[in-house]
Amino acid sequence: MEVFSKLLLSRYNSGYIFYHPKTSELEITHLMFADDVKIFFDGGSSSLHGITETLEDFAGWSGLTMNREKTKLFLAGINDMESLAIASYGFPRAALPIRYLGLPLMCRKLKVTEYAPLVEKIRGKFLSWAVKSLSFAGRLQLIASIISSIVVFWISTFKIPIRCVREIESLCSRFLWTGGIENHHKAKVAWSKVCLPKAEGGLGLRRFSEWNTTLSLKFIWLLFSNNGSLWVAWHKHHHLQHSNFWLQTESSNDSWNWRSLQRLRPLAEKFLRCTVGNGTSSSFWGDVWTPFGPLIKFLGCEGPRTLRIPISSSVADATRGLVSWGLQIFPVCDLCSREDETRYHLFPSCPFSRAIWDLVFLRLKLFPRLFQTWDNLISWMSATNRTSPSVLRKLAAQATIYAIWKQ
């Protein structure tokens with residue numbers, strides 16, 4: 001199939017097939033799983049002709065032919081003339097949502113009829129077990145292993161409605177306490193207490209709603225882990241290219257899954273910390289890079305106006321001085337007017353700063369020295385001798401840097 005992928009990509013790059021409008025910049029031509037292939041194109045008849053010829057060429061090379069009976073064509077936003085031209089190729093038309101690998105493919109919130117197969121599958125399991133003489137421990141084990149595995153397959157993919165979760169937990173509770181699912185109001189202990197850890201008096205089961213939230217947090221972690229997945233690339237291009245995840249507002253044009261992740265931001269920010277590095281990819285206001293959490297919450301909505309730092313600023317932008325705030329000010333150092341105002345110039349090597357450092361060395365009874373780089377300063381702070389131990393050097397350096405910064 002690697003040969004097919006390269007063949008298909010070459011046809012796209014040569015203009016024989018045109019990209020889908022949402023996939024062109026990412027150069028996504030198709031997705032494959034096992035022997036299934038999903039090909040994206042612009043909906044034009046010329047592109048469909050190119051795809052058909054590509055599949056025929058590959059079939060001639062490999063002997064693997066397309067099953068037309070199982071092939072479906074999904075189209076949207078095309079005119080009647082184009083639709084008529086596409087119909088001549090004989091591919092049956094289909095419409096979303098559909099089910100693939102047991103899961104519904106859609107971009108909106110699940111309806112009752114769409115998560116009903118999950119509930120019915122669980123109900124069928126319980127009905128088949130109800131005729132057996134199972135002990136309480138046996139029923140508990142079936143719920144913890146088989147039922148949980150079925151539910152996790154769904155909740156690890158998207159947020160499922162709370163109504164669905166309650167219905168599943170109600171079935172589990174009835175089966176656990178009565179051995180069937182027909183008897184209501186027979187539970188001896190509330191399900192919330194049953195799902196407590198064993199050390200707290202529960203049975204060690206997991207609440208599916210909390211499990212669903214935890215598994216959804218995994219997707220937020222993927223956005224910031226730079227693991228190179230196509231899912232991350234897609235959302236960074238379509239949702240995060242010009243905005244920060246923590247600061248953007250919900251839009252009705254976004255998919256239900258993406259809005260579900262946005263609603264988990266207050267919880268996710270407690271577990272994620274931003275590594276600043278050079279600061280170019282870290283949001284000054286949105287990312288958690290200080291002990292105070294997101295600065296937009298710590299300082300309030302008036303923070304950007306008060307500090308005159310735009311809401312879209314990165315940490316690097318905010319630390320470049322007044323120039324990055326949109327003010328017409330020269331970027332040179334205010335103290336010496338010789339070089340640009342950066343931390344590498346201002347604190348270790350600015351002539352004004354050197355004069356202060358000379359006084360510090362004199363007070364510490366050390367020979368004056370010139371710090372060429374920030375690393376030189378850090379190394380000096382870590383060194384020690386009889387007249388100036390490391391703790392004293394660190395205190396002196398911190399006080400000096402603060403005094404220079406105040407200027």
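**View A. A cluster of aromatic rings.** Ring pairs link Phe224, Phe245, Trp246 and Trp258 into a cluster; rings of Phe, Tyr and Trp (its six-membered ring) pair if their centres lie within 6.5 Å, with planes under 30 degrees apart called stacked, over 60 edge-to-face and the rest tilted. This is a predicted model, where local features need pLDDT of at least 70 and side-chain atom pairs count only at pLDDT 80 or more, while totals for chains, interfaces and linings use all residues. Residues are numbered from 1 along each chain as its sequence is written, and side-chain values use heavy atoms, leaving out hydrogens and water.

**View B. Arginines over rings.** The charged end of Arg265 sits over the ring of Phe245, 5.7 Å from its centre; this label needs NZ of Lys or CZ of Arg within 6 Å of the ring centre and within 35 degrees of the ring normal. Likewise, Arg206 places its charged end over the ring of Trp211, 4.6 Å from the centre.

**View C. Trp129 and Phe175.** Among the 19 aromatic pairs of the structure, here is one whose ring centres are 5.8 Å apart with planes at 50 degrees, so the pair of Trp129 and Phe175 is tilted. Trp129 belongs to helix α4 (residues 112-130) and Phe175 to helix α6 (residues 162-178), 46 residues apart; helices are DSSP runs of H or I, at least four residues, and strands are runs of E, at least two, numbered from the N terminus. Trp129 is buried at 9% relative accessible area, and Phe175 is buried at 0% (buried means under 20%, exposed over 50%, partly exposed in between, with a 1.4 Å probe and protein chains only).
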